[in-house]
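The stops below are meant to be taken in order.

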Amino acid sequence: MLTHNVVAPSSLCPIVSFDFQGQQVYDKLLFAHNLNYGLDRGGIRKHKSLRLRAGFWESIKSGLLKDDTTQVIETSPESQEEEPLPEEFVLIEKTQPDGAIEQIIFSSGGDVDVYDLQALCDKVGWPRRPLSKLAAALKNSYMVGTLHSIRKSPEPEGGDQKKLIGMARATSDHAFNATIWDVLVDPSYQGQGLGKTLVENIIRALLQRDIGNITLFADSQVVEFYRNLGFEPDPEGIKGMFWYPKF
Amino acid sequence: MLLRGIISSPLPSSLRLKTHKNLTVSAQIKTQPTTASSNNYTISDQALESRGFVLRRTIEELNLDHLNSVFVAVGFPKRDPQKIRVALENTDSLLWVEYTKTSKPVAFARATGDGVFNAIIWDVVVDPSFQGIGLGKAVMERLIHQLLLKGICNIALYSEPRVLGFYRPLGFVADPDGIRGMVYSTRKQKKKK
């Protein structure tokens, strides 16, 4: 219901800033958050796997630094003007000291394990809600965006560890309005701009589906966070009201 | 049953909805049976019927062009009826009042949400020619009741400044505990980059 514990992103290595030639393209790709590139920044390499039309990709390739591990999955040309937001993509890829690779993945597919979600809600200090209701709420949400951390073991035989580290969901009438609820990021992953990216990608996905009115209710401490994402409180004096709130 | 969703946690004393002499809905009432029956509201279903108004809860007999006219009459932008249809089909709860004489909708309200925790009420309208006689209140009371019956206890809405006084007596509070309603503005997006 409310947004809690999403710390305003610090200036620490924001996902979307990087050295780059080709400013115009930069802006467009920045907004899309879909960018495949490799950068050497100490031990952190940031990749974003991207599904692009071949022509578009060609046009920006020259401006990018690429390394061999970059993955570009190209789709057949779409009829839409704008490239569609892929359902799942890598936001960050880090190489850890032990050689393991950690990827942070955004997905709008809504594949959430309710037990994982409950554990995450516990971590941010939210009151417990019945699992069955959590499951129903997710099922009835128009869009559920998630952040997962996948840790790929350095051992050749070692498996992957997948962890839910963030979620946001939106309810909607599929035509005009959408409301974002339950934005949360694991405290140990806060401060990196993940909450920002989570919300930005939900917004982008909603706008692509032509849902023009995107709303939410923000605790006073996070009003600024959302203002920086493009939300306006009380536009034209319109007030959020609650029926007999428990406050 | 009625307030099961609310009763699950401690309630402030302000949770006492006096809508009519015969009804005091409060936290203590756990055993009172709840049916969406006519006697629980400020104006009963029968009273409405006797005045020529029928309450409807489905979109089956709702003429969307007529509904659109009501929207336009109260100042909403005119919307594509097809989109309105999609919106209504994906709306959890809705209520409208049909004026028997013309078979047209004269009041309307709907709520979207996740069906368990949260609901937002949208598009609350009363045809200007029928305002001031309690139809808006009638629709709102029943819509809220419907949501409560589902166990949804977080009911919210966005109110234009001039109708805050309509929602307050119904039990709505603006910015409780500093919570602000926020809307995404596409105009501002370009500035941020």
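Select Val125(B). This is a predicted model, and in it Val125(B) has a relative accessible area of 3%, so the residue counts as buried, the limit being under 20%. Val125(B) is part of strand β6 of chain B.

Asp123(B) belongs to strand β6 (residues 118-126) of chain B, while Arg79(B) sits in the loop between α3 and α4 (81-89) of chain B; the pair is 44 residues apart and links distant parts of the chain. Are these two partners buried or exposed? Both Asp123(B) and Arg79(B) are buried. Next, select Arg129(A), Arg169(A), Asp182(A) and Asp114(B), which are joined into one network by salt bridges that share partners.

For another pair of chains A and B, select Arg180(B) and Asp234(A). The two side chains meet in a salt bridge of 3.1 Å, N to O. Arg180(B) is in strand β9 (residues 180-184) of chain B and Asp234(A) is in the loop between β10 (231-233) and β11 (239-243) of chain A, so this pair joins two chains. Arg180(B) is partly exposed, at 24% relative accessibility, whereas Asp234(A) is buried, at 14%.

Move to helix α6 (residues 223-227) of chain A and select Glu224(A) and Arg227(A), which both lie in this helix, 3 residues apart, or about one turn. Show their side chains: a salt bridge connects them at 2.8 Å, N to O. Glu224(A) is partly exposed, with a relative accessible area of 45%, and Arg227(A) is also partly exposed, with 33%. Over all chains, the whole structure contains 19 salt bridges. As background, side chains of opposite charge can pair when their charged atoms come close.

Next comes a residue in strand β4 (residues 88-95) of chain A: select Glu93(A). With which side chain does that of Glu93(A) make a polar contact? The partner is the side chain of Gln103(A), at 2.6 Å. Glu93(A) is buried, with 16% relative accessibility.

Return to chain B for two backbone checks. Select Ser103(B), whose phi is near 60°, a positive value in a residue other than glycine. Ser103(B) is in the loop between β4 (93-99) and β5 (104-113) of chain B, and its relative accessible area of 44% makes it partly exposed. Then select Asp177(B), another residue other than glycine with a positive phi, near 60°. The loop holding Asp177(B) runs between β8 (172-174) and β9 of chain B. Asp177(B) is exposed, at 60% relative accessibility.

Select Gly113(B), found in strand β5 of chain B and buried, with a relative accessible area of 9%. Draw a line from its C-alpha atom to that of Ala156(B): the residues are 43 positions apart along the chain, and the separation is 9.9 Å.

Finally, select Glu60(B), in the loop between β3 (53-56) and α3 (64-73) of chain B. Why does Glu60(B) count as exposed? Its relative accessible area is 70%, and a residue is exposed when that value is over 50%. From the C-alpha atom of Glu60(B) to that of Val173(B), 113 residues away along the chain, the separation is 33 Å.

Definitions and conventions:
Residues are numbered from 1 along each chain as its sequence is written. Chains are lettered from A and ligands numbered from 1 in the order in which they are written. This is a predicted model: local features need pLDDT of at least 70, side-chain atom pairs count only at pLDDT 80 or more; totals for chains, interfaces and linings use all residues. Side-chain values use heavy atoms; hydrogens and water are left out. Helices (H or I, at least four residues) and strands (E, at least two) are DSSP runs, numbered from the N terminus. Buried means under 20% relative accessible area, exposed over 50%, partly exposed in between (1.4 Å probe, protein chains only). A polar contact is a pair of N or O atoms within 3.5 Å; within protein, one must be able to donate a hydrogen and the other to accept it, and residues adjacent in sequence count only if both atoms are side-chain atoms. A salt bridge is a side-chain nitrogen of Lys or Arg within 4 Å of a carboxyl oxygen of Asp or Glu.
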